[in-house]
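Subject: Structure handover

Hi,

Here is the structure for you to look through. My notes on it follow below.

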Amino acid sequence: MRIDADTGADYSEALDAHLRERLAARHPAAGAAYAAGRQVTDRVSIQLSIDGSTVRQAIDAALREVTAALREVGVSARAVRVEALPEEELDEELRQMPPELMGVREIAELLGVTRQRADQLVRREDFPQPLQTLAAGAIWPGAAVRSWAATWERKGGRPKAAKAVSE
């Protein structure tokens, strides 16, 4: 089962963690929603396994669980797409979807920093390696960048200037 829902907010790591925990018995996969190959802001896509004696029963059960899980974190959602497929067909479709890719601009937006600061961060030794470097610049797998961002210890302000040693 796949449900895309308008949430009024972009998909976040906190929402991802909540959905994975809350729907764990349903083997969930969640992420930003895509339509026509482009990410749709303010929309989440959730895949989960639901058994039902009819397709309608499975859809109703999935909608109840997803809306309840979203409501628990204060997200009022409206389902905009519901797909019921045999699990193996849905898994194959998801394998064929393009992965999320990020350039420096997308990384800056994710981290809430300037493009110049993001350019500094991608040069750190602990930052993931780019997937490819194109003429327009390097691109990284979005999942790797998001994982790194979850562990990044952000420090505010500029580093203190070194004090001159007086004799």
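Start with the core. The largest nonpolar core has 20 residues. Leu19, Ile46 and Val66 have the most contacts inside it. A nonpolar core here is a set of buried Ala, Val, Leu, Ile, Met, Phe, Trp, Tyr and Cys residues joined through side-chain atoms within 4.5 Å. Helix α2 gives the most, with seven residues. Helices (H or I, at least four residues) and strands (E, at least two) are DSSP runs, numbered from the N terminus. As background, nonpolar side chains in soluble globular proteins tend to be buried together.

Before you go further, note that this is a predicted model: local features need pLDDT of at least 70, side-chain atom pairs count only at pLDDT 80 or more, and totals for chains, interfaces and linings use all residues. Residues are numbered from 1 along each chain as its sequence is written, and side-chain values use heavy atoms, with hydrogens and water left out.

Next, the salt bridges. A search of the whole structure finds 12 of them. The test is a side-chain nitrogen of Lys or Arg within 4 Å of a carboxyl oxygen of Asp or Glu.

Asp6 pairs with Arg78, with the closest N and O atoms 2.8 Å apart. Arg78 counts as exposed because its relative accessibility is 52%. The classes are: buried under 20% relative accessible area, exposed over 50%, partly exposed in between (1.4 Å probe, protein chains only).

Arg2, Asp4, Arg81 and Glu83 are linked in a network of salt bridges.

Two further pairs are worth a look:
- Arg123 forms a salt bridge with Asp119, the closest N and O atoms being 2.9 Å apart. Arg123 is exposed at 64%, and Asp119 is partly exposed at 27%.
- Asp126 and Arg124 meet through their side chains, at 2.9 Å from N to O. Asp126 is partly exposed at 43%, and so is Arg124 at 34%.

Now the surface. Where does negative charge gather in a patch? The residues are Asp51, Glu87, Glu88 and Glu89. Patch residues have over 30% relative accessible area and no salt bridge, and like charges are joined within 9 Å. Asp and Glu count as negative; His and the chain ends are not counted. The place of a charge is taken as CG of Asp or CD of Glu. Glu89 lies in helix α3 (residues 87–96). With a relative accessibility of 44%, Glu89 counts as partly exposed.

Two backbone angles stand out for a check. His27 is not a glycine, yet its phi is positive, near 50 degrees. His27 sits in the loop between α1 and β2 (29–35). It is exposed, at 58% relative accessible area. Asp42 is also not a glycine and has a positive phi of about 65 degrees. Asp42 lies in strand β3 and is partly exposed at 33%.

Last, helix α6 (residues 142–151) holds Thr151. Thr151 is exposed, at 61% relative accessibility. From C-alpha to C-alpha, Thr151 and Glu125 are 14 Å apart in space, and they are 26 residues apart in sequence.

Best wishes

Methods
Patches are made of residues with over 30% relative accessible area and no salt bridge: like charges are joined within 9 Å, nonpolar side chains (Val, Leu, Ile, Met, Phe, Trp, Tyr) within 5 Å. Accessible areas come from the Shrake-Rupley method with a 1.4 Å probe; for residues, only the protein chains shown count as cover.
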